[in-house]
Each structure stands twice: as C-alpha cells, then as structure tokens.
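Open the model in your viewer and keep the selection tool at hand.

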Amino acid sequence: MPAVRPALAELRARIGEIDGTGSRQHGVLPFGVRELDRRLPQGGLSRGALHEVAGGGEGAVDGAAAACFVAGIAARMTGQVLWCVTQADLFAPGLAQVGLPPERVIHVEAGDDISVLAAMEEGLRHGGLAAVVGDVARLSMTASRRLHLAAKGSGTIGLALRRWRRQADASDFGQPTAAMTRWRVSELPSAPLPVPGIGRARWLVELIRARAGDSFDLELEACDGAGHLRLSADVADRSASAARGRHIAVG
C-alpha cells in the first residue's frame with residue numbers, strides 16, 4: 001500500500017499540469033506567514049497562474065487595501081511589474097510604502113476593461129516581467145482563462161485587481177473565473193499604540209476560493225516596506241495561548 005502513494009502524488013501532479021492547477025513547473029511564492037502558507041495547496045501563491053483580489057464592502061477604503069495587498073505580492077518578486085489601469089488613479093507613494101517603488105512599475109492607462117485585459121495578456125505572454133497586474137471591474141470566464149493560460153506559459157504571476165466604480169458592478173465578483181485563488185481584503189482598526197499616533201494598518205484577509213484548497217480568513221498586519229505581511233499580535237497571542245492549553249491538556 002505505501003508504494004501506491006508516490007504514484008498517486010505523481011498522477012495528481014500530472015493532472016495539475018494539464019488543467020493548470022499544478023505549480024511544479026514554476027514553483028510558488030510563499031507569503032512568509034506560516035498560518036497563511038500552510039493553508040494554501042502548495043504552501044504559497046502559484047507562479048505562472050492568475051489570482052484575483054478584491055476589496056471588502058467599504059468601497060474605496062477596502063479597494064486601497066486590496067491594491068496594497070497586490071502591490072505587496074508584486075514587491076516580493078524580482079524585476080519590473082506591469083500595472084494596467086483604466087484611468088490614472090493609482091497612488092504611487094502608497095505602493096512604495098509596501099515595497100513597490102515607482103521605478104519598478106510600468107504603468108499602462110488602457111481606458112477600459114477590454115483594453116486592460118488585452119494589455120495584461122500581452123504582458124503575461126512576454127515572460128520577462130515579475131508580475132502583471134490588471135485593474136478591472138468585470139472578468140469573464142473566457143477572459144480569465146486566456147490570462148491564466150498566458151501566465152502558465154510564461155511563468156509570470158497574473159493579478160486581477162477587482163475594483164468597482166459603480167456598486168452595480170460588484171456582483172460580477174461572484175461569477176466563476178479561471179483564477180487559481182480569489183481573495184478579499186478589508187480594512188480593520190489598527191492596533192492601539194502606547195503613545196499618540198497611528199499603528200500599523202491591519203486587514204481581514206479572506207481566501208474565498210482556491211483550487212484544491214479550502215477557504216479561510218485571517219487577521220493580518222498590512223504589508224511592510226518590503227511587501228511582507230505579519231500575523232496580528234492579538235491573533236498570535238491567542239494561537240500561542242491555545243497551543244499552551246493543548247500542551248497542558250496532553251501533559
């Protein structure tokens with residue numbers, strides 16, 4: 001029976017390579033947060049794949065958090081990042097604050113979603129970019145499939161940032177796409193400081209969908225100057241207390 005297990009693993013890997021769920025060819029990009037990475041199918045974000053990120057229900061505030069989450073992912077890659085938008089409304093200092101300085105970003109102002117998707121596909125097929133980001137309100141199954149295949153062919157991470165300027169478009173996020181993962185990021189109150197000032201921003205990060213994985217949510221501290229997330233201190237304290245409780249119960 002033990003001899004069958006490697007064969008099953010090999011079969012699953014081959015199926016994953018065929019349908020785009022596998023990451024053996026291009027590897028993964030870990031977040032560096034154990035509580036987050038251990039819940040992802042391969043221990044990180046699959047390279048050579050399309051991923052979706054949207055803000056929660058607080059409009060522009062959560063949309064900005066989602067953009068910074070995406071920028072943090074791109075910041076941890078090496079090389080230039082192609083960022084495609086319909087209009088010039090990105091706040092460059094905000095991206096730089098999470099590790100993505102202006103000199104690393106190639107901006108494309110495409111004018112509409114169709115042009116953004118076309119620019120994304122060309123960028124993903126190029127193969128010489130660290131990541132390709134597209135700011136789109138609507139993303140069909142056909143369009144997302146094209147992006148995913150382009151990413152798979154080049155090994156470049158594709159990031160669809162779903163932002164809506166009309167609330168009526170928000171329902172499109174519930175439609176199925178070919179993205180490997182689908183995330184939602186919402187702002188939370190920052191942790192209080194012992195002195196006057198504003199603490200590090202905190203987010204509720206929800207994995208809504210992952211191929212071959214389960215959904216979950218975590219409270220995390222926002223990306224730092226190198227694009228790294230961190231488990232919120234109170235969540236870490238609760239986890240440590242639970243672990244100590246289990247240790248005492250077992251002992």
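Grid points are joined across faces, edges and corners, and a volume is the space filled by probe spheres set on the points. Searching the whole structure this way gives 3 cavities of 30 Å³ or more.

Two notes on the source. This is a predicted model, in which local features need pLDDT of at least 70 and side-chain atom pairs count only at pLDDT 80 or more, while totals for chains, interfaces and linings use all residues. Residues are numbered from 1 along each chain as its sequence is written, and side-chain values use heavy atoms, with hydrogens and water left out.

**Stop 1: the largest pocket**

Select Ala64, Cys68, Gly94, Gln97 and Val98. Of the 22 lining residues, these are the closest to the centre of the largest pocket. The space in this pocket is about 420 Å³. Helix α3 gives the largest share of the lining, 6 residues. Both α3 and α4 (92-97) supply at least two. Helices (H or I, at least four residues) and strands (E, at least two) are DSSP runs, numbered from the N terminus. The lining has 13 nonpolar, 4 polar and 5 charged residues. Here Ala, Val, Leu, Ile, Met, Phe, Trp, Tyr, Cys and Pro count as nonpolar, Asp, Glu, Lys and Arg as charged, and the others, Gly among them, as polar.

**Stop 2: the second largest cavity**

Now select the lining of the second largest cavity, including Pro41, His51, Met180 and Arg211. About 60 Å³ of space lies inside. Its lining counts 3 nonpolar, 5 polar and 1 charged residues.

**Stop 3: the sheet**

Show strands. An open, mixed sheet has 9 of them, in the order β5-β4-β6-β7-β3-β8-β9-β10-β11. β5 (105-109) and β11 (230-231) are the edges; each has a single partner strand, so one side of each lacks a neighbour in the sheet. Strands pair if DSSP finds at least two bridges between them.

Zoom in on β6 (residues 131-136). It runs parallel to β7 (residues 157-162), with 6 bridges. Across from β7, glycine 158 faces valine 132, and alanine 160 faces glycine 134. β4 (residues 81-85) also pairs with β6 in the parallel sense, over 4 bridges. There leucine 82 has valine 132 as its bridge partner.

**Stop 4: alanine 178**

Go to the loop between β7 and β8 (181-188), where alanine 178 lies. Alanine 178 is buried, at 4%. Leaving out residues up to four places away in sequence, alanine 178 touches Met141, Ser144, Arg145, His148 and Arg211; contact means heavy atoms within 4.5 Å.

**Stop 5: the aromatic cluster**

Finish with Phe31, Phe69, Trp183, Trp203 and Phe216, which form one aromatic cluster. Rings of Phe, Tyr and Trp (its six-membered ring) pair if their centres lie within 6.5 Å; planes under 30 degrees apart count as stacked, over 60 as edge-to-face and the rest as tilted. The count is 5 aromatic pairs. Phenylalanine 69 and tryptophan 203 have ring centres 6.3 Å apart and planes at 65°, so they are edge-to-face.

Note on methods:
1 Å grid on protein atoms, 1.4 Å probe; cavity = no way out; pocket = protein on both sides within 12 Å on 5 of 7 lines; lining within 4 Å. Buried < 20%, exposed > 50% of the residue type's maximum accessible area, 1.4 Å probe, protein only.
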